[in-house]
Amino acid sequence: MAKSRRNPRPRRPRGGGVRSWYLWLVGGVVVLVALYGLARTLSTTPPSAVILPILASNSQDLEALTRMVGDIELDSSPTENLPEELAGRLASVDSLIALGEWHPALDRLRRLRRPPEGSAKAVIEEYAGFCHYRSVRPDHALHSFREAMAADSGRDRERQFRLAFAAGYLFQSRGFADSALALYSTARYYAPAPPEEPDSAPGILAALLNNFGLARETTGDTAAALELYRSAAAMVDTSVDDPGARTVRDNLRRLSR
């Protein structure tokens, strides 16, 4: 009888230790890459919000602009209370703003890390809103002003007054008087006390009352508009040949008739 052949024993693969070491190496590299990506995501600013062209879709309301007073201005004094490093970076932005270099100023502002809330973010967003406004990007300016108002959360009444006026001014200058009303109401809530003596040129409070009155007049509330015009006229010397004072006087005369 033929001898039965035994099945040969399976050979053990060689190099098992090497393969295990290789898998550990690959896994470690993958973990390091993932950690690096996470750290980079956390250290960079979030993507910019989607800005819908609502204001930019409307041309400027020239009739409203001829009856409005004031303009959107930037107050750089709040930077004195910021951390030294941030205040120094904003000083370089101030230099660009003084030269009218709005886009380079915005580039520097984008590189600044924005905290989730607080005065630091409010100041940065106000700077951005002013630069967007000067570079004729009204929707981006409005977004920044609203971000600044939300970041401050009413802690600084002067800033809230200034930001609400700026946002209302943007709406009114583009023909959205009804949207400006709510913001002007907020600005009046945070408004400072009126000056004791009339000024030769309308300040921001007189500008607010005049523009608030114009928004009321545009939406048909002439009684409230007349009261606001009178309050604005009481703050300015209407006998002085100043463009702003002249506008306040003309608005009051027109509606009084």
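This is a predicted model: local features need pLDDT of at least 70, side-chain atom pairs count only at pLDDT 80 or more; totals for chains, interfaces and linings use all residues.
The protein chain contains 11 helices and 0 strands, and 38% of its 257 residues count as buried. Where contacts link residues at least 6 apart in sequence, 67% of them join residues at least 24 apart. The accessible surface of the chain comes to about 16,000 Å², and carbon and sulfur atoms account for 54% of that surface.

Gln 160 lies in helix α7, which spans residues 157-173. Because its relative accessible area is 4%, which falls under the 20% cut-off, Gln 160 counts as buried. The side chain of Gln 160 forms a polar contact of 3.1 Å with the side chain of Asp 152. When neighbours within four places in sequence are left aside, the residues in contact with Gln 160 are Met 149, Asp 152, Ser 153, Gly 154 and Tyr 190.

Helix α7 also packs against helix α9, which covers residues 204-218, at an angle of about 40 degrees and with the two axes 11 Å apart; the crossing of α7 past α9 is left-handed. The residues that make this contact are set out by helix below.

| Helix | Residues in the contact |
|---|---|
| α7 | Phe 161, Phe 165, Tyr 169, Gln 172 |
| α9 | Ile 204, Leu 205, Ala 207, Leu 208, Asn 211, Leu 214, Ala 215 |

Sorted by class, the contact of α7 with α9 comprises 9 nonpolar and 2 polar residues, with no charged residues.

Terms used. Residues are numbered from 1 along each chain as its sequence is written. Side-chain values use heavy atoms; hydrogens and water are left out. Helices (H or I, at least four residues) and strands (E, at least two) are DSSP runs, numbered from the N terminus. Buried means under 20% relative accessible area, exposed over 50%, partly exposed in between (1.4 Å probe, protein chains only). A polar contact is a pair of N or O atoms within 3.5 Å; within protein, one must be able to donate a hydrogen and the other to accept it, and residues adjacent in sequence count only if both atoms are side-chain atoms. Contact means heavy atoms within 4.5 Å. Axes are lines fitted to C-alpha atoms, for helices over the stretch in contact, and angles run from 0 to 180 degrees between N-to-C directions. A crossing is left-handed if the near helix is turned anticlockwise from the far one by less than a right angle, and right-handed if clockwise. Ala, Val, Leu, Ile, Met, Phe, Trp, Tyr, Cys and Pro count as nonpolar, Asp, Glu, Lys and Arg as charged, and the others, Gly among them, as polar. Accessible areas come from the Shrake-Rupley method with a 1.4 Å probe; for residues, only the protein chains shown count as cover.
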